[in-house]
Amino acid sequence: SKMKEYPEQKISENDTTMSFFELYQKALDLSKTLEKNQKYGILCNSELNCAIGILACFAAGAVAVPISARYGEKHRDKITESIRLSKMITDSGVCDISDSDCESDDVCGTAIIMCTSGTTGTPKGVRLSENNILRNIESIQAYFKLSADDRILILRSLFHISALTGEFLLSLCVGAEIVMFGTVSLPIAAAKVVVDKKITVLCA
């Protein structure tokens, strides 16, 4: 409910801009196609679509498993296998990626599975409940004085927990305008966006 206090605020990526209300509506529409307690890998080239997919999972009581498209196919496949995913949310919608039965996994109470980078091996899945996420946002808000007067540039993929809870979800809660940096984080390109979009906050 906290995330619905600023329905007119904007979120954008490249040439696409929508209000928070439109963002929630798209997420709600997608949530109606999802199954409760089912795990959904979220692999989108668009970070805005990734955001919609994560919110849709929250709304449906499904488990979101963000995957960074920037990390390549091997990283994606490691997560798909280790988390035993059979369904994926992509820029095109929901698709089946495996015939395996993953219903036996006990994901009750899990809202999201965040994966480690897998730098030294197979990515590890960390289960977080809705309460874990809310407490994390509250903790960050206590020292990160983001407000509705800010315009934040989110440089990193929502695959990163700090970008997800500390930037994206926190911005929804406090009403900060969100600009998603929809490409690889090149400093020169990011600097241009900071100037052109009059960004007040970015994390790196």
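**Sheet, helix and pocket**

Modeller: Strand β1 (residues 10-13) runs antiparallel to β2 and is joined to β2 by four bridges, where strands are DSSP runs of E with at least two residues, helices are runs of H or I with at least four, and both are numbered from the N terminus. This is a predicted model, in which local features need pLDDT of at least 70 and side-chain atom pairs count only at pLDDT 80 or more, while totals for chains, interfaces and linings use all residues. Residues are numbered from 1 along each chain as its sequence is written, and side-chain values use heavy atoms, with hydrogens and water left out.

Colleague: At what angle do α1 and helix α5 pack?

Modeller: The contact, meaning heavy atoms within 4.5 Å, is made by Phe20, Leu23 and Tyr24 of α1 with Phe168, Ser171 and Leu172 of α5. Axes are lines fitted to C-alpha atoms, for helices over the stretch in contact, with angles from 0 to 180 degrees between N-to-C directions. The axes of α1 and α5 (residues 161-174) lie 11 Å apart, and the packing angle is about 115 degrees.

Colleague: What volume does the second largest pocket have?

Modeller: A pocket is an open set of points on a 1 Å grid over the protein atoms alone where a 1.4 Å probe fits, with protein on both sides within 12 Å along at least five of seven lines, and lining residues have an atom within 4 Å of a point. The lining takes at least two residues from each of α1 (20-31), α2 (47-60) and β5 (87-90), and includes Lys26, Asn49 and Thr90. With points joined across faces, edges and corners, and volume taken as the space filled by probe spheres set on them, the second largest pocket has a volume of about 160 Å³.

Colleague: In β6, which residue is the bridge partner of Thr90?

Modeller: β5 and strand β6 (residues 93-96) run antiparallel and are joined by four bridges, and a hairpin connects β5 to β6 through two residues. The bridge partner of Thr90 in β6 is Gly93.

Methods: Two strands pair if DSSP finds at least two bridges between them.
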